[in-house]
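Hi,

Here's the structure I promised to pass on. Have a look at it first, and then read my notes below.

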Amino acid sequence: MSDTAGKSIFCKAAVLRQFNKPLSLEEIEVLPPKAHEVRVKVLANAMCHTDYYSWSGADSELNDDGLPVILGHECSGVVESIGEGVEGVKVGDHVIALYTAECRECKFCKSGKTNLCGSVRATQGKGLMPDGTTRFRSKDGKPIYHFMGCSGFSQYTVLADVSVAVIDPKAPLDKVCLLGCGVTTGTGSVFNVAQVDENEEAQAAVFGIGAVGLAVIDGLKIRKAKKIIAIDINDGKEEWAKKWGATDFINPTKLKEGETIVSKLIEMTDGGCDYTFDCTGNVKVMRDALEACHKGWGTSVIIGVASAGKEIATRPFQLVTGRVWKGSAFGGVKGRTQLPGFVDDYMKGELKLDEYITGYKSFDKVNEAFDDLHSGNVIRTVVNMWE
């Protein structure tokens, strides 16, 4: 056991105290893990749009009652200590944090039909550990809330033992942290949710070319899709999309007069796409993605998270005539069971990760990393938590 086991650790964290304001770099107290919890030394945290979305106050689950909070969820590290009853995780293990737990015991896990484990969801959504309390304290002793069960913007964090995936210790943690959300979500949505078959020569469209959209493109390329149409309002994304394997790029703001993105896609695919993927969180785009699907069998997967209060709409006729609308959380991936395999695929050169990283920042530049993310000119910035 480490010499800090069972004791509080004082370390640096980036705390959100007010929406749309810079994160506050502070020294905090991280309490020791309780039963079925692990404390992790966080080494790398990639910046994800979900963090920015929550920072802005648009997240329906995160309101003023949930502040202060430590954001960050696309992170990796090393287990420093464990609480009582922990199985399958030991001190020194290299791990990726999971915002979608996998307990293997609840009815969701046992069903074999979903990765939406129910074991810690109720408390996780409130920014709490499973016992209804927090493991973070500010210098004045007041509690600080957790985020998505991860809180990677702290040099040490505490997670439920069902919320960590143990991985190959040879894997570079500053690369595989990306598998904690974006890359896994994108590729998993192709493999598990849409279930694209490499023998079907699929025609697909991907709306929104950030990290998740690029991961969708990579998954489609792996599954040998015949046509991969990337769609984004930023022309600068075309180079990235083509590099990842897109066959075509469309800027929907530059269509001919009277042409819509739906009509354009239907024309390009002889009746509609076999698969479409929304990676924008825009409900209008979600509708376009569905209606650009082929009658009879087209499947549209919603990946992007919409702002609080937003609703989707389409004519029922679109569904009656055979189109299917699906949703994807973490790409349908079961984190503890399947995520180590994604790491292995990366180590074998079968899955891109390095290419997504457009820069590194030291932890004291975490607010700059947020600004870079919002600019749209980066794919993923990785924050080194100890620089």
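Two strands count as paired if DSSP finds at least two bridges between them, and helices (H or I, at least four residues) and strands (E, at least two) are DSSP runs, numbered from the N terminus. Bear in mind that this is a predicted model, where local features need pLDDT of at least 70, side-chain atom pairs count only at pLDDT 80 or more, and totals for chains, interfaces and linings use all residues. Residues are numbered from 1 along each chain as its sequence is written, and side-chain values use heavy atoms, with hydrogens and water left out.

Let's start with strand E10 (residues 203–207). E10 runs parallel to strand E11 (residues 227–231), and five bridges join the two. One of the pairs across them is Val-206 with Ala-230 of E11.

How many of E10's residues are buried? Five of five, so to speak a mostly covered strand, where buried means under 20% relative accessible area, exposed over 50% and partly exposed in between (1.4 Å probe, protein chains only). In a regular strand the side chains alternate between the two faces of the sheet. In E10, Gln-203, Ala-205 and Phe-207 are on one side, Ala-204 and Val-206 on the other, and both faces are covered.

Next, the helices. E10, helix H6 (residues 211–222) and E11 form a right-handed β-α-β unit (with the strands pointing away from the viewer, the path from the first strand over the helix to the second runs clockwise). H6 packs against helix H7 (residues 237–244) at about 25°, with the axes 9 Å apart; axes are lines fitted to C-alpha atoms, for helices over the stretch in contact, and angles run from 0 to 180 degrees between N-to-C directions. The contact (heavy atoms within 4.5 Å) involves Leu-214, Ile-217, Asp-218 and Lys-221 of H6, and Trp-240, Ala-241 and Trp-244 of H7.

Elsewhere there's an open sheet of four strands, ordered E1-E2-E6-E7 with antiparallel pairing. Strands E1 (9–15) and E7 (143–144) are at the edges with a single partner strand each, so one side of each has no neighbour in the sheet. Inside that sheet, E2 (residues 24–30) and E6 (residues 136–137) pair over two bridges, with Val-30 opposite Phe-136.

Lastly, take a look at Gln-318 in helix H10 (residues 316–320). Gln-318 is buried, at 8% relative accessible area. Apart from neighbours within four places in sequence, Gln-318 is in contact with Leu-290, Glu-291 and Arg-323.

Cheers
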